[in-house]
Amino acid sequence: MHPAMKHWRARNGCLELGGQSLTRLADRVGQTPFFAYDRQLLDERVALLRGCLPVGVRLHYAVKANPMPAVLQHLKPLVDGFDVASAGEMIAALDTGMDPAAVAIAGPGKTDSELRQAIAAGILVEIESENEARRVARLSEDSGYTARVAVRINPDFVLKGAGMRMGGGPQQFGVDQERVPELLGQITSAGLQFEGFHIFAGSQILRSDIICDVQRQSVELVLGFAEQARRPLRYLNIGGGFGIPYFPKDEPLDIRQVGENLHLLAERVSERQPQAEVVVELGRYIVGEAGVYVSRVVDRKESRGQIFLVTDGGLHHQLAASGNFGQVIRRNYPVAIGNKFDAVPTEVASVVGCLCTPLDLLGDRCELPAAEVDDLVVIFQSGAYGRTASPSAFLSHPTAIEVLV
Ligand SMILES: Cc1ncc(COP(=O)(O)O)c(C=O)c1O
């Protein structure tokens, strides 16, 4: 069994979600395709993190991974803050009642209107360029609200082993490490409220040794700059990038090792910068494994010896499972026939969506129990970067709805 499926149970042969069978849930939802996210799995994941991370390290949720309002509301009392990437995400985050002091906005290309909203809300603005710092200073002065800022650093070290690299080398993210001292001067003379630094080196890392190494380098880099800033550091966001196993050979991340390393780093930070709060920001690791994407078989056909299960879903809802969201080599996400969850695989079938493109392949030659029209196909590991990271308008099919169970 794929490690991703171990979190899930069957009841009377059918996948169980939120204490009920998938077939009943599908009736309750009233349509396929849909995404379902499991509260209990979210709780268990946060509890696992809390058990491994040092007590003082703050756990932020990166809203971009899954901004469903009910998910945010559920996570609000479980995490210490939200990281947002747009004014839309900021509004969703603040709607939960999260303290604005615990919300930060990062990302290239923040518009003046987004910055104005962020400054007025009192959330932390993570500055990604000298030009952005000038705009923040102007908007802060015009509005009369002092902007709270941190500097996002583009480090000179390069991250290996990440699904997506977002630091090191030339980047649109953050300010190059060598230009940070000058930027700090600019921030001070503009009278902005400087709180600290942010480094986000990459996403979907499954190797704990790599994560430990990046976090170690990030802490050293930031502690060096903190002394130059000549103000006590309050905020030290060392990113995250904790990965989840999607593909058959993926090994789950050794979160305990990451936690042990963070204990050492947190001690080092508290010796040098006692007021600094170390923050890790996680999206995929918190929500990715708690969600499934469910579609229904509308046709079963055979073509030259190959079986195709044609569903009412597709890459317009779950782009990543089709292999078209940054993957170099297409591999299958874990897939099952949800209403035959504990049946033994008896055939090899490909699961495809309803779009007129060969790219719309959700499972390539998967070993599955024999499936018929109306059976429910479940794609696991769909809680993060699913619905909102997919081209839902493509071919004008209905959008997928989302439920939290
Ligand atoms: C700045 C920042 N923070 C957090 C995340 C979330 O990453 P993940 O979902 O891999 O935890 C991203 C992802 O791109 C990011 O760019």
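Where in the chain does leucine 319 sit? Leucine 319 belongs to the loop that joins strand S17 (306-311) to strand S18 (335-337). Keep in mind as you browse that this is a predicted model. Here is a friendly tour, from the whole protein down to one helix and back to that leucine.

**Overall build**

- The protein contains ten helices and 22 strands.
- Its C-alpha trace spans about 70 × 40 × 35 Å along the principal axes.
- The radius of gyration is 22 Å, which agrees with the value near 22 Å that a compact globule of 405 residues would have.
- Of the 405 residues, 48% count as buried.
- Among contacts with a separation of 6 or more, 71% come from residues 24 or more positions apart.

**Two domains**

- Domain 1 is made of 3-37 + 289-404, while domain 2 covers 106-282.
- The C-alpha centres of domain 1 and domain 2 are 36 Å apart.
- Seven residues from domain 1 and seven residues from domain 2 take part in the contact.
- On the side of domain 1 that touches domain 2, three residues are nonpolar, two are polar and two are charged.

**Helix H6**

- Helix H6 (residues 130-143) has 14 residues, and from its first C-alpha to its last it reaches 20 Å, close to the 20 Å expected at 1.5 Å a residue.
- Glu132, Ala133, Val136, Leu139 and Ser140 are the buried residues of H6.
- Viewed down the axis of H6, these buried residues fall within an arc of 130°, so they line one face of the helix.
- The general rule behind such a pattern is that an α-helix has 3.6 residues a turn, so residues three or four places apart point the same way.
- The exposed residues Asn131 and Asp142 are carried by the face of H6 turned away from its buried side.
- Packing partners for the buried residues of H6 are helix H5 (112-121), strand S8 (124-127), strand S9 (148-154) and helix H7 (180-189).
- After H6 comes glycine 144, which has a positive phi, near 85°.

**Back to leucine 319**

- Is leucine 319 buried or exposed? Leucine 319 is buried, because 22 other C-beta atoms lie within 10 Å, and a residue counts as buried at 20 or more.
- Leaving aside residues up to four places away in sequence, leucine 319 touches Asn324, Phe325, Ala389, Ser390 and Pro391.
- Leucine 361 is 42 residues from leucine 319 along the chain, and 9.5 Å separates their C-alpha atoms.

Technical notes
Residues numbered from 1 in each chain as written. Predicted model: local features only at pLDDT ≥ 70, side-chain atom pairs only at ≥ 80, totals over all residues. Domains from an automatic or database assignment. Contact = placed C-beta atoms within 7 Å. Nonpolar A, V, L, I, M, F, W, Y, C, P; charged D, E, K, R; others polar. Helix = DSSP H or I, 4+ residues; strand = E, 2+ residues; numbered from the N terminus. Expected span 1.5 Å × (residues − 1). Buried ≥ 20, exposed ≤ 12 C-beta atoms within 10 Å, placed from the backbone. Arc of directions from axis to C-beta. Rg over C-alpha atoms; globule rule 2.2 N^0.38 Å.
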